[in-house]
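The model is a predicted one.

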Amino acid sequence: MSTTHIQPLPNVRGRMSYTELGEGKKRTRNIREKTDRIAAQMGDMGTREDFIRFCSAMRRQSQGTRLNEGYELRVSWSPEELSRDSPEDIRRACEYGYLLCKEVAPNAPCWVTVHTDGEGGCVHVHATIANHDLASGTAIAHGTDHATVKRKNDRLSREMGFTVVGPEPAREPTTWAERKGQFGIESFERVLGNRVADARDHASNIEEFREELKVRGVELTETRKVDQKTGEETVGWSYKSRDPYGKGRRKRRRRASNLADDLTREGIEAYFEAKQRELEVPEQDAPAPEALPDVPDVPETAEPAAQPSADFALDVYDLDQSDVSEMASDLQKAHIHRSREEGKPFMDERYQQIVEARNHPDEQLAKLREDVDAARREFHASKEARDTLQSPYPGLLAGMHVFAKAGCNARDPVSRMMADMTALMLRMMIQEALAEERRRQREEAERRVYESRKSMWDAEKRLKAAEKALSDEDERERRLKSERMQRRVKEAEQRAPVRTPRSADKDTQFDE
């Protein structure tokens with residue numbers, strides 16, 4: 001396990017001299033014998049002297065507004081975890097100190113020194129961080145307090161395989177807004193979670209929530225369990241629905257806790273309780289109701305209200321301003337990161353459009369809804385046109401009937417016979433032409449239906465595709481960050497090679 005300590009450094013040179021030569025008799029001996037107490041070191045500058053000069057110059061450049069030139073992180077491990085006689089353990093300690101500096105101040109230069117001459121035989125690190133953020137050009141604003149450093153050290157220790165002092169941190173409750181990005185666009189969990197969350201947002205209490213679930217084709221199941229020892233009863237929820245992308249469109253089930261904590265029984269009840277508290281406003285604070293003009297009674301013969309379309313799958317997808325704002329923020333971060341990777345300025349026309357969308361989500365939401373509504377109208381119109389072509393044309397058939405009757409007015413039998421035969425032949429030819437025309441138009445209408453359906457689906461899937469692109473971009477950023485960190489470690493190791501460990505001095509103090 002590792003312990004940490006952080007302290008401000010008004011003078012980096014003095015502390016770096018101590019970590020190199022020590023103090024007292026040890027310092028005198030090292031100067032006389034031209035040795036030092038460094039077991040390993042690495043940093044972001046060419047030499048220790050370059051780093052010291054940089055810290056001093058940044059403080060002078062601030063014209064007295066900075067009190068400290070840097071900060072020192074001390075990390076120590078027990079002998080059972082890292083051995084001072086192992087070059088591999090010394091290298092691990094040096095790399096860990098460098099990574100911890102980048103966790104505390106990602107954009108600040110640092111220098112790491114490893115010691116193995118402590119009285120207790122512990123491997124420990126003195127990591128100095130310059131009080132200058134290269135990205136903003138200002139001093140380090142936050143993250144240098146002991147609690148923050150300890151939390152970041154514990155997290156990094158778990159990632160690097162070291163033990164951590166104290167219990168595991170409690171897991172933060174998850175929300176569906178955070179969790180849905182972890183599932184694929186066409187995954188059953190994503191579809192089911194969206195339906196449950198949409199039902200919750202459109203309901204005011206548990207009863208309405210259950211009704212909204214039924215409307216969206218979701219079944220709610222309660223499972224009750226009783227603890228044999230304490231007698232305590234717990235109730236768990238699970239949701240069941242048809243998988244639209246699965247094989248055979250069969251029904252599948254998922255526990256609410258596997259989706260998100262705010263979709264469980266406790267999370268749903270807490271949501272409605274908070275919603276009810278917001279609605280409980282004193283009557284004296286409410287505005288007086290406006291007087292409405294008298295409205296005549298509606299006659300009983302009035303036509304019933306139009307019922308919603310039975311094919312609700314075409315109209316179930318809807319957007320809100322939060323979706324637009326979250327997407328615009330993610331796109332802004334991805335755009336800045338990609339521009340920096342390519343070495344280009346990110347303040348371009350695309351960046352201004354993203355900022356405009358983030359600042360005015362209502363306008364972008366209105367544009368997206370117009371695109372979706374237009375695609376839906378085109379689809380329904382083409383579908384109605386196709387349905388009308390299923391029946392024959394009554395006008396042309398009536399005209400052929402009139403032409404056939406006209407042949408009966410011929411004066412002699414031969415003329416009547418020829419007129420009848422001509423009318424029959426024309427009728428057969430017109431029927432064949434009409435049948436061919438109906439078939440062609442029906443195929444054309446079906447093609448337009450498929451094209452309009454594709455346009456409608458494309459309009460509705462733009463945001464889904466963007467979410468997948470953002471997920472890929474996040475994965476790419478994590479991979480690039482890992483590669484950059486490994487590259488920095490290798491470059492630092494090449495600039496300052498690891499020295500062989502030496503035995504501990506009996507006159508030295510523990511961890512110093």
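I began with strand S3, which is mostly covered: seven of its eight residues are buried.

I then looked up the pairing of S3. Eight bridges join S3 to S1, and the two strands run antiparallel. In this pairing I found Gln7 opposite Glu72 of S3. S3 also pairs with S5 in the antiparallel sense, over seven bridges. Here I noted Ser76 opposite His124 of S5.

Next I turned to helix H5, residues 146-160. I checked its length: at 1.5 Å a residue, its 15 residues should span 21 Å, and the end C-alpha atoms are 20 Å apart, which agrees. Which residues of H5 are buried? I listed Thr148, Val149, Lys152, Asn153, Asp154, Leu156 and Ser157. I recalled that residues three or four places apart in an α-helix point the same way, because there are 3.6 residues a turn. The cover over the buried residues of H5 includes strand S1 (2-9), strand S3 (70-77) and helix H4 (87-104). Just after H5, I noted that Gly161 takes a positive phi of about 90°.

Last, I examined the nonpolar cores. The largest has 34 residues, of which Leu73, Trp77, Val112, Val114 and Ile129 touch the most other members. Elements that give two or more residues to this core are S2 (40-43), S3, H4, S4 (110-115), S5 (124-130), H5 and H15 (413-495). H4 gives the most, with nine residues. Apart from this core I recorded another, of 22 residues, among them Trp176, Ala203, Phe209 and Ile268.

How values were computed: Residues numbered from 1 in each chain as written. Predicted model: local features only at pLDDT ≥ 70, side-chain atom pairs only at ≥ 80, totals over all residues. Heavy atoms only, no water. Helix = DSSP H or I, 4+ residues; strand = E, 2+ residues; numbered from the N terminus. Expected span 1.5 Å × (residues − 1). Buried < 20%, exposed > 50% of the residue type's maximum accessible area, 1.4 Å probe, protein only. Contact = heavy atoms within 4.5 Å. Core = buried A, V, L, I, M, F, W, Y, C linked by side-chain atoms within 4.5 Å. Pairing = 2+ DSSP bridges.
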